[in-house]
Amino acid sequence: MSESTEPAGPGGLTTGEVARRLGVAPTTVRTWDQRYGLGPDRHTGGRHRRWTPADVARLERMCALTATGIPPAEAARLARETPAPASAPAAPPSVLPRRALAPQAAPASRAGSGLRLGDARQECKGIARAALRLDAAALDRLLLDAIREHGLVAAWTEVIVPTLQAVGRKWESSGERYVEVEHFLSWHVSGALRRAAPDTAPDRPGASVVLACVPGDNHTLALEVLSAALAERGIPVRMFGGALPVESLIAAVRRTGPAAVALWAQSRATASRPLAQHVAAMEWGVRGARRSPLVLTLGPGWSGRPAPGTARPHGLADAVQALEGLATR
């Protein structure tokens, strides 16, 4: 079945536009349709399928559920059975998801590993081959070598992210095979980041940064690299990891009085603009000198315009620069 590349008309979004909005491959959307019955509820004339706001909201619920570790078949059942919220309109066709800490994918090419690595650094090919072989010792060595040679920010942007994206495309285009390779690579990237980062900087009142995933989201890897990059610059970090409950996030912000709070959302279904705005409006300190944190919304779930009172960096370097300037005032 072919999909139109033209902008969506009144009938809804094309499969390609839906995939870009969700941050997944079009083959994944088609697989969820064919295997789990998550396709459009109704058809329009012609060869092309169109997705309505309710159809897209169902796929967003699927993304959010699978992100928490629920098996795809069960997640699909729950996504079908859960009513769509009334406030979940489809994004206009011109709005594409922007991965706040990841660059755009490079043009496809082959690197001898079966992965499409594009115009990537040579290190990507060695890391990809070690990941496919499940060679833990080689993978650790190559990741640490890349971080030492290029620095944390450049290694993440130019080496690690392209390899992670290539592995993700591999399992998406292979009927969800190679999931073990993606988990294996992500685990070793996390370990390399921890080993390469310096010790956590001592706390300085009003200079710390709180990092957390929003409730329902467990994608911590991008926050881990941000934490390591801030530690390199001597900025105190309080990392709370995945799926931090709302009450716990509010308590952590009140207890630490941070200069900034970075919230990661992988899916639009988990990104809560009211939560981001609430955190941005929090205040502490003596009367006449009260302060509020800068809230950074990170991850593809926050695609579109930033929530009022928040900032949305365009990449890891931008996020580090914004936080470094704020925490060193």
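Q: Is R268 buried, partly exposed or exposed, and what is the relative accessible area of R268?
A: R268 is partly exposed, at a relative accessible area of 25%. Partly exposed lies between buried, under 20% relative accessible area, and exposed, over 50% (1.4 Å probe, protein chains only).

Q: What kind of model is this, and how are residues numbered?
A: This is a predicted model, where local features need pLDDT of at least 70, side-chain atom pairs count only at pLDDT 80 or more, and totals for chains, interfaces and linings use all residues. Residues are numbered from 1 along each chain as its sequence is written, and side-chain values use heavy atoms, with hydrogens and water left out.

Q: Which side chain meets R268 in a salt bridge?
A: That of E60, at 3.3 Å, N to O. A salt bridge is a side-chain nitrogen of Lys or Arg within 4 Å of a carboxyl oxygen of Asp or Glu.

Q: Where in the chain are E60 and R268?
A: E60 is in helix α3 (residues 53–67), and R268 is in the loop between β3 (260–264) and α11 (273–281), 208 residues apart. Helices (H or I, at least four residues) and strands (E, at least two) are DSSP runs, numbered from the N terminus.

Q: Is E60 buried or exposed?
A: E60 is buried, with a relative accessible area of 6%.

Q: How many salt bridges does the structure hold?
A: Eight. Among them, R195 and D140 pair at 3.2 Å, N to O. R195 sits in helix α8 (residues 179–196) and D140 in helix α6 (residues 136–150).

Q: Which residues do salt bridges with shared partners join into one network?
A: E232, R233 and E324.
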